[in-house]
Amino acid sequence: MSEIRFCPRCGKNVLDKAKINWVIFIVLLILTVIVGLVYLVYCVWAKEKVCSVCGFKPLEPARQNAIQDFR
Ligand SMILES: [Zn+2]
């Protein structure tokens, strides 16, 4: 589900990842398992993606001549 994007902060192409607030997720999971899972699905499907290296957003479209850094 990750896409290759250009991170201005890293200065290179990286894989994006869904921005998930794990603290909120765990709290919701403790309160109600279903609500916690719904939140997780929402985060994954939301358009909000961040740099998988430094967490920066917004990311730009991948650049052809940029350094590739996939972790
Ligand atoms: Zn970055």
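These legends walk through a predicted model, from the whole chain to a few close-up views.

**View 1. The whole protein, end to end.** Starting at the N terminus, the elements follow the order β-β-α-α-β-β-β. Along the principal axes, the C-alpha atoms occupy a box of roughly 45 × 20 × 15 Å. The radius of gyration is 14 Å, whereas a compact globule of 71 residues would have one near 11 Å. Buried residues account for 11% of the 71 residues. If we take contacts between residues at least 6 apart in sequence, 66% of them link residues at least 24 apart.

**View 2. Confidence along the chain.** Confidence is highest in strand S1 (residues 4-7), with a mean of 95, and lowest in helix H2, with a mean of 89.

**View 3. Helix H2, residues 33-45.** This helix has 13 residues and spans 18 Å from its first C-alpha to its last, close to the 18 Å expected at 1.5 Å a residue. How many of the residues in H2 are buried? The count is zero, so this helix is hardly covered, given that a buried residue needs 20 or more other C-beta atoms within 10 Å of its own.

**View 4. The nonpolar core and Leu15.** Five residues form the largest nonpolar core: Cys7, Val14, Leu15, Cys51 and Leu59. In soluble globular proteins, nonpolar side chains tend to be buried together. Take a closer look at Leu15: setting aside residues up to four places away in sequence, Leu15 touches Ser2, Ile4, Ser52 and Phe70.

View 5. Ser2 sits in the segment before S1. Is Ser2 buried or exposed? Ser2 counts as exposed because 12 other C-beta atoms lie within 10 Å, and the exposed class covers 12 or fewer. Beyond its neighbours within four places in sequence, Ser2 makes contact with Leu15, Asp16, Lys17 and Ser52. The C-alpha atoms of Ser2 and Lys49 are 8.9 Å apart, although 47 residues separate the pair along the chain.

**View 6. The cis peptide bond at Pro58.** Most peptide bonds are trans. Here, though, Lys57 and Pro58 are joined by a cis peptide bond, with omega about 0 degrees. Where is Pro58 found? Look in the loop between strand S3 (49-51) and strand S4 (60-61).

Definitions and conventions. Residues numbered from 1 in each chain as written. Predicted model: local features only at pLDDT ≥ 70, side-chain atom pairs only at ≥ 80, totals over all residues. Helix = DSSP H or I, 4+ residues; strand = E, 2+ residues; numbered from the N terminus. Expected span 1.5 Å × (residues − 1). pLDDT = per-residue confidence, 0-100. Contact = placed C-beta atoms within 7 Å. Core = buried A, V, L, I, M, F, W, Y, C linked by C-beta atoms within 7 Å. Rg over C-alpha atoms; globule rule 2.2 N^0.38 Å.
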